[in-house]
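Please keep the sequence and the structure in view while reading.

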Amino acid sequence: MAENSDAEKVIRIAGSITVDELAQALGLSVTALIGELFKNGIVATINQRLDFETAQIMIDELGIANVRLERKNTASKLAEEGRRELSKDAVARPPVVAVMGHVDHGKTTLLDNLLNKKTVETEAGGITQHISAYQLEHDGRKITFLDTPGHEAFAAIRQHGAMLRDIVVNVVAADDGVKPQTVEAIKFAQGANAKIIVAINKIDREGADVPRTMADLSTHGLQPEEWGGEIIMIPVSAKTGENLEKLLDAILLVADVEELKADVEIPAEGLVIESHMETGKGSVVNLLVTGGELKVGEFVAAGSSYGKIRTMLDFRGRPKGKATPSTPVTVTGFKELPNFGDRFMEYPDEKSARRAALMYAQNAQNEAMSANVTSTDLLRMMNTEDNAKVFNVIVKGDVLGSVTSVVDSLKMIDTKGEITLNVVATGVGDITENDVYMAAGDTADNTVIYGFNVGVPTNIAKLAARDGVAIRNYKVIYELLDDARAAMEDLLGEEIVETELGEMKVMGVFRVTKTEIIAGGQMLRGKLIPGILARLKHGSTVLGEAEVESVQKERIDAKELIENEVGGLALKTEKKMNLEVGDRLEFFSREKKKRTL
């Protein structure tokens, strides 16, 4: 549906739109739009559906400047579906706090000190790889913390972390200042309407400058309370523990101002923080309860998965019988892995839970099928030439959040339109025989299986070696991305690179044959050495190329001639070229170099 707002036209799309509907909204004939799609490699019919991104691409391609697309009824599930109107019986609940910031600014170390729980040592490369949820008590009150990854590759997880919270503690190192991920965390928090508290960390370090850090933050819209703003900024040391009590006091103060509440006398509901498979346990799912009381034995559905809660553990791995609002728990009992960020709800019986999961799956399938032409398809057709390379990957991870982040990060690698990344399949758990068979079925396209924090059984490794399938397993995300980038660069092949070295004005020509030219002249610039190439030019006409066999200065063999020096040279040629006095010789080298992205 289109609306006019002065000169701008707004087209609202609830997932997809037909070619006919888009043409009408744009004021174009259907024939014209179908023709434009055809130019971009899409053979479309009048009733074919285009997804939101494809419609946007076509508007850009048509050069229509006064049209804006909006998504209709597609607000984030985390931001919208997870909110409900509270009843008069709602009770106070603990605040949910996401700890964010730039990599290596001390987020996890800060939580370690608060919780007296060492987690850095268990993380590959000392960087948090997953969302983790913890809960502690301060002044007799509970606070729930979400520790979110700091590496840039985990932007997807960090954004979910912002959506799962009431308060964001943005950790900024006093000796390093505002960094890209600091700004990203600010934007995420603001987009989620979360209250922001800044922990200016590492004040114990030499070079720490709290006032400068506060000034840097103020340029990004965070005005400290001390300067008349609304943002609480606490200088802390995660290492020594200095001012951590003040930080907790500030969190509870903000929570009191916000009057955080939740209904308890309702069916349990909340969000999936993480999920993975464990041998002997099946689906292991981390949940954050946002309403009601979740108990062992209850039936739940999350996305297209459902099950009965068999076991429930707190963040320290201790059994729990029930979980109240703002409490993170780890449960087993889901028949399949729910997706990272799915909303879960309690149902009275297994039949109701199964029906809810089935309806969700059917709706998701219908929406996916309704968009016959996706933006990925269109971009691939628009940006990929017939001879472009395709890099196929299969991604396996230990948890769904990791898989999502690895795939998103792979797609962010800039291939300059020369390589198409094709994600053949993804999954959670160890690399399997089926993964190898899937990759082996497309060996011409060099399908690579990337594992992230997963196992590769010996028999699977032997099978892959036999079938020529590459399995590359990593525990640190940026090492995996470096490998993928290098693999895509290998597909680019080599390029010929010429480097200018110098120029000579010909002052004498002494011999010209089909295979040799002996001449002399003055170097105008650069340097002349044996073994390089020469381009022979008569005015603007290129006579040909030759190789410099030898160089002489004052009739004695020399290693080089430099600018303004006069000397002679012998050129090896493959054809006769009539070099004359006054012509120019341009010297250069030519070599093959590996292309890079």
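1. Which order do the strands of the open sheet of four strands have? The order is E23-E22-E24-E25, with parallel pairing. Strands (E, at least two residues) and helices (H or I, at least four) are DSSP runs numbered from the N terminus, and two strands pair if DSSP finds at least two bridges between them.

2. The model is predicted: local features need pLDDT of at least 70, side-chain atom pairs count only at pLDDT 80 or more, and totals for chains, interfaces and linings use all residues. Residues are numbered from 1 along each chain as its sequence is written, and side-chain values use heavy atoms, leaving out hydrogens and water.

3. Strand E23 (419-428) and strand E25 (470-474) each have a single partner strand, so one side of each lacks a neighbour in the sheet. Within the sheet, five bridges join E22 (residues 389-397) to E24 (residues 448-452). Gly397 stands opposite Phe452 in E24.

4. The largest nonpolar core has 27 residues. Such a core is a set of buried (under 20% relative accessible area, 1.4 Å probe, protein chains only) Ala, Val, Leu, Ile, Met, Phe, Trp, Tyr and Cys residues joined through side-chain atoms within 4.5 Å. Leu110, Phe145, Ile197 and Ile251 have the most contacts inside this core. Helix H9 (244-258) is one of the elements that each supply at least two of its residues; the largest share, seven residues, comes from H9.

5. A second, separate core of 26 residues includes Val407, Ile413, Leu421 and Tyr450.

Terms used
Buried means under 20% relative accessible area, exposed over 50%, partly exposed in between (1.4 Å probe, protein chains only).
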